Amino acid sequence: MRISAENIKKITEIISELAGDGLSVTLFGSRVDDGKRGGDIDLLVESAVAVDNPAWLAAQISAQVSRLMAGRQVDVLIGAPNLKQLPIHEVAKSTGILL
C-alpha cells in the first residue's frame, strides 16, 4: 500500500469529522499496488445508515483529503443502504484495503 500510516490516520479523522463515526474506509485502485508509482487516491466510504447528501459528502471528503495530500486528485465513492450499488463498489470492496 502506497500511503503512509500518518496519512491513513489523518484521512480517517477527516472522514469521521465530516460524516461521523462507524464508517468503513477502503483504499482501492493503483495505491494498493506497491509496484506502481504516482496515481490518485481512490476511497470507498461506506455507511450502515442512509446518507442524505452523498455528492456533497464525497466532494467535502475529496477536497480535504486532496489538501492533505498536497493537491493530489482524490476520488470518493459513497456506499449506503439508500444508494444504488454500482459495479465499481464491488471492485473497490474486492480489491481494496480497509483503512
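In which loop does Pro81 lie? Pro81 is found in the loop between E3 and H3; here helices (H or I, at least four residues) and strands (E, at least two) are DSSP runs, numbered from the N terminus. The structure is a predicted model, in which local features need pLDDT of at least 70 and side-chain atom pairs count only at pLDDT 80 or more, while totals for chains, interfaces and linings use all residues. Residues are numbered from 1 along each chain as its sequence is written, and side-chain values use heavy atoms, with hydrogens and water left out.

Four strands make up an open sheet with mixed pairing, in the order E3-E2-E1-E4; two strands count as paired if DSSP finds at least two bridges between them. At the edges are strand E3 (74-79) and strand E4 (97-98), each of which pairs on one side only. Strand E1 (residues 24-28) and E4 run antiparallel and are joined by two bridges, with Leu27 opposite Ile97 in E4. E2 and E3, in turn, run parallel and share six bridges, and Asp42 stands opposite Asp75 in E3.

Although E3 is an edge strand, five of its six residues are buried, so E3 is largely enclosed by the rest of the structure. Buried means under 20% relative accessible area, exposed over 50% and partly exposed in between (1.4 Å probe, protein chains only).

Helix H3 (residues 87-95) lies across E1, strand E2 (41-46), E3 and E4, at about 105° to E3. Contact means heavy atoms within 4.5 Å; axes are lines fitted to C-alpha atoms, for helices over the stretch in contact, and angles run from 0 to 180 degrees between N-to-C directions. Ile88, in H3, is partly exposed at 35% relative accessible area. Together with Leu86 and Val91, Ile88 forms a nonpolar surface patch of about 220 Å² of accessible area.

Pro81 is exposed, at 59% relative accessibility, and touches Ser47, Ala48, Val49 and Ala50, not counting residues up to four places away in sequence. The C-alpha atoms of Pro81 and Gln64 are separated by 25 Å, with the two residues 17 apart along the chain. Ala70 sits in the loop between helix H2 (54-68) and E3 and is exposed, with a relative accessible area of 75%. Most residues other than glycine have a negative phi. Ala70, however, has a positive phi of about 55° although it is not a glycine.

Key
Patches are made of residues with over 30% relative accessible area and no salt bridge: like charges are joined within 9 Å, nonpolar side chains (Val, Leu, Ile, Met, Phe, Trp, Tyr) within 5 Å. Accessible areas come from the Shrake-Rupley method with a 1.4 Å probe; for residues, only the protein chains shown count as cover. A salt bridge is a side-chain nitrogen of Lys or Arg within 4 Å of a carboxyl oxygen of Asp or Glu.
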